[in-house]
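This briefing gathers selected local features of the structure shown below. The points are grouped by topic for reading alongside the coordinates.

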Amino acid sequence: MQVWEEPLLELKNYNALLQSIRKKITPVLATGVIDVQQTHMVCSLLENTKKSSLFITYSESRAKEICEDMQCFHQQAFFYPAKDILFYSADVHSKEIQRERFRILERLLLGEPCVLVLSVKALLDKLPERKIFEKFTLRYEVGEVVSLETLLQQLITMGYERSELVEGPGQFAVRGGILDFFSPTMESAVRIEFWDDEIDSIRNMDVFSQRSMDKLESVRIFPARELIYEKKDAETAASRIQKELESSCKKYQAKGMTEEAQRLSEIMAEVLESLREGKSFGSIENYTSFFYPNAVSLLDYLPEDTLLFFDEPERIRGHMDVLFEEYSESIKSRIEGGYLLPSQGKMLFDYTDIVKQSQRFSCVLLSTVAQNIGDFQVQETVQFSVRSTSSYQKKMDLFCEEVSELKKKGYQILIYGGSVARCERMVKELEERDIVAAYVSDLKETMPKGSIWVLYGRLSKGFVYQDASFAVFSDRELLGEVSRKPAAKKKKKGTAISSFTDLKIGDYVVHDTHGIGIFRGLEKISVEGIHKDYMKISYANDGALFIPVNQMDVIQKYIGSNAGAPKLNKLGGQEWNRAKTKARSAVKILAEDLVALYAKRA
């Protein structure tokens, strides 16, 4: 048992909550819980019940903060990021976000215990059933007999793209009997060498030097996209899309909306062509319902005994009402404008669906104040009495005074320091004021009453259980954030943009990931109740990318030749990556020619 668990077992209300969970008398409402204290209580419950958990809160920023605090108490706490809802069809989702999501899905498929922290928005996505993901998760060992051609076809089916060289996740390359690939869940690429149809060796591979590294006995290959399908599934989806397209165009024509019908036909013609030719495209996940009418949410990937926590359920409901109102308006206008098929308006679950799906799990509702929770039928209510610690703002004397008073009252006191240096400094400061404290690392030892222990861990705030005589402090409230040296930015060629005033509407710009687009001006967008200015960049096929103005360094002005307007790239397409790969290859050839020339001259 961890030292931070023991004090809670002395509380009647905590034990009542624990018994409700064990007897499955849920949903149970826990009131009076605050900030970081609730992460401490949640992790204690998980240690005592030995369950996996899903912690659901109302915003992405809140989920990240909670996950960081939870990692102080539980090593297997992970953040599961949400995709953008409002700009799902315009914005290209970050590949890093996709990789984080895949790593979580892999853990769930392998049955590894974990605590997932996410915003409710992350549960709205429709995913293929778990059995489909399991089917497309491959594992190979050294010495296994495998048809290379069959494996290559499987990689394409799983969403991997063939390239000359593997440079990033989701790519594979073949040279003779050597296969290189980069699974999204792995930190490095992998090289498999075949001897005929037998796997002769498996090694990690450095994508920069293209050299083999450490030997592996086996390797697991995870899908490269969330929507995975076989050829027959693509044919079925194409048939459904074609049928709905014809029906929608007839309705547009009947209303005299010729332009909208033409626009929808052109957009869907490209989609249908890609599906029938076995090609992937950036917005393919917007067509999930055409592939899998019985799509599921992330909840279907969880073990049956998973414990769900809802952080401020009424606030979650209010947040979702606002979000879905904006989402519905966006969907409605795009369907009316001929950009989407009607069925695409149902590409997400709503919050009512999520609440209904959660009923098969044990649920704990966490609320600061006692209130009626409209979406749940509460079976038990447990009241906690906890207070937050003060913000001392670098006033060490005030901090030591409070710690001393609590120590005299027999409190067990834990102080978390964000670095080893800070922990050592904290112990020194306390001892200089004749307050005995110890820097400890073994949390399974018994902690005497009146003890002060300093631990390594990043905690945003502290809290005090007065009924249990237990207090936790964070060095951030006393010393501020731990300073971190910013990573050096790579220098980029091209014309840097120091201010949006450097750009005029209609200027061509280059994004390192997405390629050439056109600057369309600034738009004010509300995300999670916060209004921000975004630069809008348009791409081919009505694609659009929204970039916060404080991140304008990710683009540069286009400085190509004056021979004419450049060709716009597609969002989510591979044309820009191929152009970069081709340029790198050309540079490599040029370098080899120069070396040969200088050698000849020498």
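**Salt bridges**

Arg-433 and Glu-429 are joined through their side chains by a salt bridge, with an N to O distance of 2.9 Å. The model is a predicted one. Arg-433 is partly exposed, because its relative accessibility of 30% falls between the limits of 20% and 50%. Glu-429 has a relative accessible area of 17% and is therefore buried, the cut-off being under 20%. Elsewhere, salt bridges with shared partners link Lys-83, Arg-101, Asp-125, Glu-226 and Glu-285 in a single network.

- In total, the structure contains 28 salt bridges.
- Glu-226 and Lys-83 are both buried.
- A further salt bridge connects the side chains of Arg-263 and Glu-259 at 3.1 Å, N to O.
- Arg-263 and Glu-259 are separated by about one helical turn, because they stand four residues apart in helix α8 (residues 258–276).
- The two partners fall into separate burial classes: Arg-263 counts as buried at 18% relative accessibility, whereas Glu-259 counts as exposed at 55%.

**Second largest pocket**

- The volume of the second largest pocket is about 700 Å³.
- Its lining comprises 28 residues, of which Gln-71, Cys-72, Phe-73, His-74 and Gln-75 are the closest to the centre.
- Helix α2 (35–49) and strand β19 (452–456) each contribute at least two residues to the lining of this pocket.
- Sorted by class, the lining consists of 14 nonpolar, eight polar and six charged residues.

**Backbone geometry**

- Thr-26 and Pro-27 are joined by a cis peptide bond, with omega at about 5 degrees.
- Pro-27 is located in the loop between α1 (12–22) and β1 (28–31).
- Asp-35 is not a glycine, yet its phi is positive, at about 35 degrees.
- Asp-35 is placed in helix α2, and with a relative accessible area of 32% Asp-35 is partly exposed.
- Gln-210, also not a glycine, has a positive phi of about 65 degrees.
- Gln-210 sits in the loop between β10 (198–206) and β11 (211–216), and at 18% relative accessibility Gln-210 counts as buried.

**Surface patch**

- Val-420, Tyr-439 and Tyr-456 make up a nonpolar patch on the surface, and their accessible area together is about 300 Å².
- Tyr-439 is part of strand β18 (residues 438–439).
- The relative accessible area of Tyr-439 is 37%, so this residue is partly exposed.

**Glu-134 and Phe-222**

- Glu-134 is found in helix α5 (residues 130–135), and with a relative accessible area of 38% Glu-134 is partly exposed.
- Although Glu-134 and Phe-222 are 88 residues apart along the chain, their C-alpha atoms are separated by 9.2 Å.

Methods:
Residues are numbered from 1 along each chain as its sequence is written. This is a predicted model: local features need pLDDT of at least 70, side-chain atom pairs count only at pLDDT 80 or more; totals for chains, interfaces and linings use all residues. Side-chain values use heavy atoms; hydrogens and water are left out. Patches are made of residues with over 30% relative accessible area and no salt bridge: like charges are joined within 9 Å, nonpolar side chains (Val, Leu, Ile, Met, Phe, Trp, Tyr) within 5 Å. Accessible areas come from the Shrake-Rupley method with a 1.4 Å probe; for residues, only the protein chains shown count as cover. A salt bridge is a side-chain nitrogen of Lys or Arg within 4 Å of a carboxyl oxygen of Asp or Glu. Buried means under 20% relative accessible area, exposed over 50%, partly exposed in between (1.4 Å probe, protein chains only). On a 1 Å grid over the protein atoms alone, a cavity is a set of points where a 1.4 Å probe fits but cannot get out, and a pocket is an open set with protein on both sides within 12 Å along at least five of seven lines; lining residues have an atom within 4 Å of a point. Grid points are joined across faces, edges and corners, and a volume is the space filled by probe spheres set on the points. Ala, Val, Leu, Ile, Met, Phe, Trp, Tyr, Cys and Pro count as nonpolar, Asp, Glu, Lys and Arg as charged, and the others, Gly among them, as polar.
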